[in-house]
Amino acid sequence: MLYANKTVSTKVLHAAKESLGELINETAGIVGIFKALQQVAAETGLPLDSQIMSDCEQMFITINRLMYEQQSKLKHLQMMQVASEK
C-alpha cells in the first residue's frame, strides 16, 4: 500500500489536498476554455489547428484525472492516519 508506513503532518496533508483541489478546478476550467475556443474557431473560420487544440484539451483532461487520483490517495492516507491514531 502506498505510503503505508509514513506519517505526514495533518496540516501538510490538508494543504496538499487544498492545492490539488485548486489544480482540479483550474484544469477543468482550462478544458472549458479549449472547448469554447474550438467552437469559436469552427463557427468563425479562425485558423486554429484543430488537432493541436484537441491534443491540448486531452492533456488537460488527463491532468485533471490524475489530480483527482492524487487527491483521493491523500484523503485515504489522512483517513488511515486518523484511524490509527484512535
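Predicted model: local features only at pLDDT ≥ 70, side-chain atom pairs only at ≥ 80, totals over all residues.

Biologist: Okay, how many salt bridges turn up in the whole structure?

Modeller: The search finds 2. One of them joins Lys-73 and Glu-69, with the closest N and O atoms 3.4 Å apart.

Biologist: How far apart are Lys-73 and Glu-69 in helix 2?

Modeller: They're 4 residues apart, so about one helical turn separates them. Lys-73 is partly exposed, at 32% relative accessible area, and Glu-69 is partly exposed too, at 36%.

Biologist: And which side chains does Glu-57 meet in a salt bridge?

Modeller: That would be Lys-35, at 2.7 Å from N to O. This pair links distant parts of the chain, with Glu-57 in helix 2 and Lys-35 in helix 1, 22 residues apart.

Biologist: Is Glu-57 buried or exposed?

Modeller: Buried, because its relative accessible area is 6% and the cut-off for buried is under 20%. Lys-35 comes out as partly exposed, at 46%.

Biologist: Switching topic: which residues make up the largest nonpolar core?

Modeller: There are 6 residues in it: Leu-13, Leu-20, Ile-24, Met-67, Leu-74 and Leu-77. Helix 1, residues 10-44, and helix 2 each supply at least two residues of that core.

Biologist: What about Phe-60, which residues is Phe-60 in contact with?

Modeller: Leaving out neighbours within four places in sequence, Phe-60 contacts Thr-27, Ile-30, Val-31 and Phe-34. Phe-60 belongs to helix 2 and is partly exposed, at 25% relative accessible area. The C-alpha atoms of Phe-60 and Gly-29 are separated by 9.5 Å, with the two residues 31 apart along the chain.

Biologist: Last one. Which residues form a nonpolar patch on the surface?

Modeller: Leu-37, Val-40, Leu-46 and Leu-48, with about 280 Å² of accessible area together. Leu-37 is in helix 1 and is partly exposed, with a relative accessible area of 34%.

Conventions: Residues numbered from 1 in each chain as written. Heavy atoms only, no water. Core = buried A, V, L, I, M, F, W, Y, C linked by side-chain atoms within 4.5 Å. Buried < 20%, exposed > 50% of the residue type's maximum accessible area, 1.4 Å probe, protein only. Patch = residues over 30% accessible without salt bridge, like charges linked within 9 Å, V, L, I, M, F, W, Y side chains within 5 Å. Areas by Shrake-Rupley, 256 points an atom, 1.4 Å probe, with all protein chains shown as cover. Salt bridge = Lys/Arg side-chain N within 4 Å of Asp/Glu carboxyl O. Contact = heavy atoms within 4.5 Å.
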